[in-house]
Number of protein chains: 2
Amino acid sequence: MASINENYLKLPGNYLFAEVAKRVKQFRAEHPQANVISLGIGDVTEPLAPTVINALHKATDEMAKKDTFRGYGPDQGYAFLREAIVRTIYKNRGVDVTPEEVFVSDGAKSDCGNIQEIFGLDNVIAISDPVYPVYLDTNVMAGRTGLYDAEKQQFAGVVYMPCTEENGFVPQLPKEHVDLIYLCSPNNPTGTALKKSELEKWVEFARQEKAIILYDAAYSYYITEDDVPRTIYEVAGAKEVAIEFRSFSKTAGFTGMRCGYTVVPKGLMGYTKTGEKVSLHQLWQRRHATRFNGTPYIIQRAAEAVLTEQGQREIKQTIQYYMENAKLLCAGLQKIGIEYIGGVNAPYIWLKTPDGMSSWKFFDKLLEVTHLVGTPGSGFGPSGEGYFRLTAFNSRENTEEAVQRLQTKLHI
Amino acid sequence: MASINENYLKLPGNYLFAEVAKRVKQFRAEHPQANVISLGIGDVTEPLAPTVINALHKATDEMAKKDTFRGYGPDQGYAFLREAIVRTIYKNRGVDVTPEEVFVSDGAKSDCGNIQEIFGLDNVIAISDPVYPVYLDTNVMAGRTGLYDAEKQQFAGVVYMPCTEENGFVPQLPKEHVDLIYLCSPNNPTGTALKKSELEKWVEFARQEKAIILYDAAYSYYITEDDVPRTIYEVAGAKEVAIEFRSFSKTAGFTGMRCGYTVVPKGLMGYTKTGEKVSLHQLWQRRHATRFNGTPYIIQRAAEAVLTEQGQREIKQTIQYYMENAKLLCAGLQKIGIEYIGGVNAPYIWLKTPDGMSSWKFFDKLLEVTHLVGTPGSGFGPSGEGYFRLTAFNSRENTEEAVQRLQTKLHI
């Protein structure tokens, strides 16, 4: 009798974004005339950069000819891409990462979800609350948590780090011992980013605890403030305690292209139950070789194009475009007296729902009254209840229209 | 202290193909003049079909314009592709599979490795011996096996189904109870395929045992014999017991494109410890939504092109080309008196090493003497010892050259 992985049954309801999509689909079916504008799932809207398009066409032509056709690539990614990543993302900031430490993948979501597999089930995980749901859900599915407490909206055995108004929406060092620490900076959904001085405390804490920081830097290109590191490896000693996830999705409009990468430093160590050190780099390499077969060649060429000087100029223009949308949204919210943070180092704006409305109630109201879609804060963790995420990913026109609707239709 | 997943430490040595690549790399470094021909890793060599190239260019152009740009796609794959799969692969053979039952992915390797996650750790797995190593390795890494016995070359707790000369290299029904049965037909590496009458026995066995068959049909397009099912769902009742994995890799030269798909029938059930039925379709859907973010849009358009009438004509020509290579290799082996099977329903030829040589010894000798690369049979399981896999994936010219070298240089 084939038994199932019962850890899956611990997960309450749907995956957050699937639930959002479901409700929007239903609303659209019932209101076919409504011009629904989504500031919800955090998907980019601007087309790929010209340099990227050229690279795709060129690589496609290579696949059409026997002499230049490419079959299986290296599991870890082509050297041309890993070298371009090191040059443009790390060396340019004086950070020492080698191409051998870079693993190219089909996106940071996959990597963030897969990384827990190389760790023991006995590790205590610490996650920001609220945060991107994938870190927690994948640990639940693997059996690294206890049951879900519907009242607390928490899983047993997990150390939640509440990010609230009181602490400026920044995760605080846990008082108890933890083994794996998920940090997302700039944070999805709050839009807050860890300053260098804060990140230094985390690195020091991880060293003391022999813990590993799983650092999601998917939004680093949106950082505008100087004292916010673009990579955790800007902090001294981070290579001994941190794995970093990065993505082309929000950086270069690659959400439909699927390319990300993870840095696992060669010196990074985990421990056996008897206290022996084991290279996490080697475990991840084994995982990659056994469970993955590389990112499509043409996609890797497109990613390489992003990392050229011209590619960087083009993508930064688009990021600036989105960040101007963020400013418009912030100004609009301010005008109607809704409190918010974010929008400075991230394309996300985290607003406090008016009148203490629940997140999902506000979701439904916003959709009903303004035909705008956002993401309910409670979907990102219990401390997200009473909050709501808007994204700057949209056209200027739609953003202006959204601001207009917020100001005229949302009577609060 | 971050602990590691110690199951990884049970795996002996490198992943098979990584070890092959390593030895070839070393040989090339030491013999820079040698014209090494690989009949090893099973990678295609012919370029993509013209219809596929056109689809890639077209989809790329869509990504360049705001109106036609696509960001995140549905996790499960675009409807246009799932519908094309159902039409061309299933409906054409009178098999009832719905688009909702199809999950598009980045390749069958990922799916074959990921599928075990939705099952409990207490399931007893049965695998053909020899077989594609991913089925076993991913179960080892998940902790579904005991330790490795170096003498037996087996993991404790796994039911091996030896495929040997005595049984015509076909897996036999286990005498003990098993829960998850991995079948690969046509089989990699032996090239043997299960006939309909054999597959019927498996489906009946799985029904009796309430077991699930994990059926890898990655090579189904290479089947030439009439009594060999192209999909397990040609067998009555299979939808109640089987998950099927399929791939564009060998079908359409997509090894560097990364696209496969898995069918999880809606009625397929697993069990909780207390005997309650749970939909495996729903579990896999949850896994897909939480751990994966879809296959690149342009790759899905390319896969759709494979499934058009013109696309089918083009890819079948290439498959025929490879199968003629297989015939040449078979004829060459026959001439020098080396025993083999395969090459009829699969692009693989499974040869018996001369003089009872070990598989790796033959690998080294073949590389040294003929500069040909193959895959050592022992890498596919203990019953593969003394065997060796050659593939038909190469140019006609290289295949003829390989046959020539076998006949003139390999003195046995």
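**Notebook: where chain B meets chain A**

I started with polar contacts and got 49 residue pairs between chain B and chain A, both residues at pLDDT 80 or more. A polar contact here is a pair of N or O atoms within 3.5 Å; within protein, one must be able to donate a hydrogen and the other to accept it, and residues adjacent in sequence count only if both atoms are side-chain atoms.

Ground rules: this is a predicted model, local features need pLDDT of at least 70, side-chain atom pairs count only at pLDDT 80 or more, and totals for chains, interfaces and linings use all residues. Residues are numbered from 1 along each chain as its sequence is written, chains are lettered from A in the order in which they are written, and side-chain values use heavy atoms, with hydrogens and water left out.

Next I looked up salt bridges (a side-chain nitrogen of Lys or Arg within 4 Å of a carboxyl oxygen of Asp or Glu). The rule finds 6 across the interface of chain B and chain A. One I noted is Arg286(B) with Asp137(A), whose closest N and O atoms are 3.7 Å apart.

Then I checked the extent of the contact (heavy atoms within 4.5 Å). Chain B puts in 86 residues and chain A 86 residues.
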